[in-house]
Every structure is written in structure tokens, then in C-alpha cells.
Amino acid sequence: MLLVTGLIAYMLRQGFVGVPATYGVVIFSMLIIYGILGELLMIYQTHQMSQLLMGLPRAAGALLRTFGGVMLQVIMMKISNDFSRLWMMVWLVLAMMCLVGLRIWASITLRRRMKQGLWLRRLAVLGTGPKAMELLRRLNNSVVSGVKLVGFYSLDEGNVSADLKRTPLYRGTLETLLND
């Protein structure tokens, strides 16, 4: 996204002439910094991507930090006169528009896939107490949790309620979990 929007912004500003090496270095450094920030902020995890309002501010913040960092780099290296500030602003606007569009598309696609049962994390719960039942209630009330509940397992067979034992979610004791 950053590579394409950087080249489009350059072509809009300078025309279809060859991209100077200095612009290529700035675009490449932008890719590296954004990649590192993306990993540090965990903005490309499935759960973050499926929750649009949770992931978009982090991704936009990382993009703004990246542009700020590259601008600081360009100023500190005293090569800022070589770059068009208009190019940087057009690049930032294009990148932000692409980021929003791609995040909306990814969120819709991931939610659709999760509703179909794809890309789910499997969860086995060790425990059958009130907190485990609260977890079950929350997962059942969630439209898209990204989690497929495998079952409940107990440490002691005697502490399991009769209601839970009758459900297909109760799978047995810890030994059963270790053998599954």
C-alpha cells in the first residue's frame, strides 16, 4: 500500500518520469518503519482486523508515526530540500485513504469468514465454575468472537454441575483433554 501510494503521489506531482533514488530510499524506509510498527502494535492480527473500530485507530496512528519518523529522518539528514512537501502530503492522504478502504474491506471479509466458521481459534476451557459459565455466556452472545469453543474440561469430575454434564460442551476431565 505504501509503495503504490508513494509512487502514485510521485507521478501525480512530477509526472511519469523516473523516480530518483532518494525518493526510492524514502519509500523503502517508510515500508520498513511501518512494518516494524505494525508488528509492535499488533495491528495485523486477525482479531484486530475483524474489529474495525479497534484496529483502524492503531493502524492510522502507526501510519502517522511512520510519516513523522521519515520526515524527521529527512530533516536530520539535511536532505529535506530534495523532497517535495506536496508529494509527502499527497502521499499521506492517499495512504490514509487506502488504509481506511483496505481496513473496511478486511473487516467485512474477516467477519464473513468467521461467521462461516473459517479462521477461528479453537478454545478448550479447563474449569467448570462460575467464571467458565460466564465465558460461555459471553461467547454465545458475541456475534463474531473469532473463537470456536471445543469444550469444557474439569480438574475433578465431582465438581461439575449436572446441567453442564448434560451438554455436549462438557468433554470430561483433564486426562481427556490431554488424550484428545
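Apart from its neighbours within four places in sequence, Ser-29 is in contact with Val-70 and Gln-73. Before going further, please keep in mind that this is a predicted model. Ser-29 itself belongs to helix α2. With a relative accessibility of 13%, Ser-29 falls under the 20% cut-off, so the residue counts as buried.

From here, let us turn to the nonpolar residues. In soluble globular proteins, nonpolar side chains tend to be buried together. In this model the largest nonpolar core has 26 residues, and those touching the most other members are Leu-2, Tyr-34, Leu-63, Phe-67, Trp-87, Trp-91 and Leu-99. Four helices each supply at least two residues of this core: α1 (2-14), α2 (21-40), α4 (52-76) and α5 (85-115). Among the contributors, α4 gives the most, with eight residues.

If you set aside its neighbours within four places in sequence, you will find Leu-63 in contact with Leu-2, Tyr-34, Ala-95, Met-96 and Leu-99. There is also a second, separate core, made of nine residues, and its members include Leu-149, Val-160, Leu-164 and Tyr-170.

Now back to the aromatic residues. How many aromatic pairs does a search of the whole structure find? The search finds two. In one of them, the ring centres of Phe-67 and Trp-91 are 5.1 Å apart and the planes meet at 75°; an angle over 60 degrees counts as edge-to-face, so that is how this pair is classed. Because Phe-67 lies in helix α4 and Trp-91 in helix α5, the pair ties together parts that are 24 residues apart in sequence. Both partners are worth checking for accessibility. Phe-67 has a relative accessibility of 5% and therefore counts as buried, while Trp-91, at 0% relative accessible area, is buried too.

One last stop takes us to a backbone detail. Most residues other than glycine have a negative phi. Met-42 is not a glycine, yet its phi is positive, at about 55°. You will find Met-42 in the loop between α2 and α3 (46-50). Is Met-42 buried, exposed or partly exposed? Its relative accessible area is 42%, between the 20% and 50% cut-offs, so Met-42 is partly exposed.

Conventions
Residues are numbered from 1 along each chain as its sequence is written. This is a predicted model: local features need pLDDT of at least 70, side-chain atom pairs count only at pLDDT 80 or more; totals for chains, interfaces and linings use all residues. Side-chain values use heavy atoms; hydrogens and water are left out. A nonpolar core is a set of buried Ala, Val, Leu, Ile, Met, Phe, Trp, Tyr and Cys residues joined through side-chain atoms within 4.5 Å. Buried means under 20% relative accessible area, exposed over 50%, partly exposed in between (1.4 Å probe, protein chains only). Contact means heavy atoms within 4.5 Å. Rings of Phe, Tyr and Trp (its six-membered ring) pair if their centres lie within 6.5 Å; planes under 30 degrees apart count as stacked, over 60 as edge-to-face and the rest as tilted.
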